[in-house]
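Please read it with the model open.

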Amino acid sequence: MKLSNKKMIEFAKVDFASKKLPVKLAYALSLNIEAIRGALKVYDGQRMKLVEEYAKKDTDGKPVIEDNNFVVEDMAKWMAAIDELLATEAEVTITTINLDALEKCDSPDFDSLSVEELALMNFMIA
């Protein structure tokens, strides 16, 4: 399945591992998180190439960091490049689930999922 880097980043930020979820759902989430992390390693490598290209450099030629952010000399070009990278899609092997797996989260035996979490998992639902 093709997913944008932005969608994968948003999905990877969610802490599904801390939730008590039905076995099939937890397993599918774990597989998908691992697959997405692999794709995001490539994204991060490309992002760092953009940092090297657009960031201001110190006397040693290393990107300058202020307030935990790279200092960028041409913000318009930087943002255009980052936006393009975020919109770029990568082919990722996704394990899908059916609605039955999600409905089990309504049971008191499991943690419920927020609307935001469900929206981020939408690509997994077959």
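1. Basis. This is a predicted model, in which local features need pLDDT of at least 70 and side-chain atom pairs count only at pLDDT 80 or more, while totals for chains, interfaces and linings use all residues. Residues are numbered from 1 along each chain as its sequence is written, and side-chain values use heavy atoms, with hydrogens and water left out.

2. Secondary structure and overall form. The chain has five helices and four strands, in the order β-α-α-β-β-α-β-α-α along the sequence. The chain is more spread out than a compact globule, because its radius of gyration is 18 Å, well over the 14 Å that the globule rule gives for 126 residues. Helices (H or I, at least four residues) and strands (E, at least two) are DSSP runs numbered from the N terminus. The radius is taken over C-alpha atoms, and the globule rule is 2.2 Å times the number of residues to the power 0.38. Along the principal axes, the C-alpha atoms fill a box of roughly 60 × 30 × 20 Å.

3. Of the 126 residues, 34% count as buried; buried means under 20% relative accessible area, exposed over 50%, and partly exposed in between (1.4 Å probe, protein chains only). Among contacts (heavy atoms within 4.5 Å) between residues at least 6 apart in sequence, 72% join residues at least 24 apart.

4. Helix α3. This helix covers residues 75-87, 13 residues in total, and reaches 18 Å from its first C-alpha to its last, close to the 18 Å expected at 1.5 Å a residue. The expected span is 1.5 Å times one less than the number of residues. W78, A81, I82, L85 and L86 are buried in α3. These residues lie on the same side of α3 because they cover an arc of only 135° around the axis, the arc being that of the directions from the helix axis to the C-beta atoms. On the other side of α3, A76, E84 and A87 are exposed. The cover over the buried residues of α3 includes β1 (2-4), α1 (5-13) and α2 (23-54).

5. Three aromatic pairs are found in the whole structure. One of them, F11 with F16, is tilted, at 5.4 Å centre to centre and 40° between the planes. The pair of F11 and F123 is edge-to-face, because the ring centres are 5.1 Å apart and the planes at 75°. F11 lies in helix α1 and F123 in the segment after α5 (115-120), so this pair ties together parts that are 112 residues apart in sequence. Rings of Phe, Tyr and Trp (its six-membered ring) pair if their centres lie within 6.5 Å; planes under 30 degrees apart count as stacked, over 60 as edge-to-face and the rest as tilted. Ring pairs link F11, F16 and F123 into a cluster. F11 is buried at 1% relative accessible area, F16 is buried at 4%, and F123 is buried at 10%.

6. Loop with positive phi. Which residue has a phi near 55°? It is D67, a residue other than glycine, found in the loop between β2 (65-66) and β3 (69-70). N68, in the loop between β2 and β3, has a positive phi near 65° and is likewise a residue other than glycine. D67 counts as exposed at 75% relative accessibility, and N68 counts as exposed at 76%.
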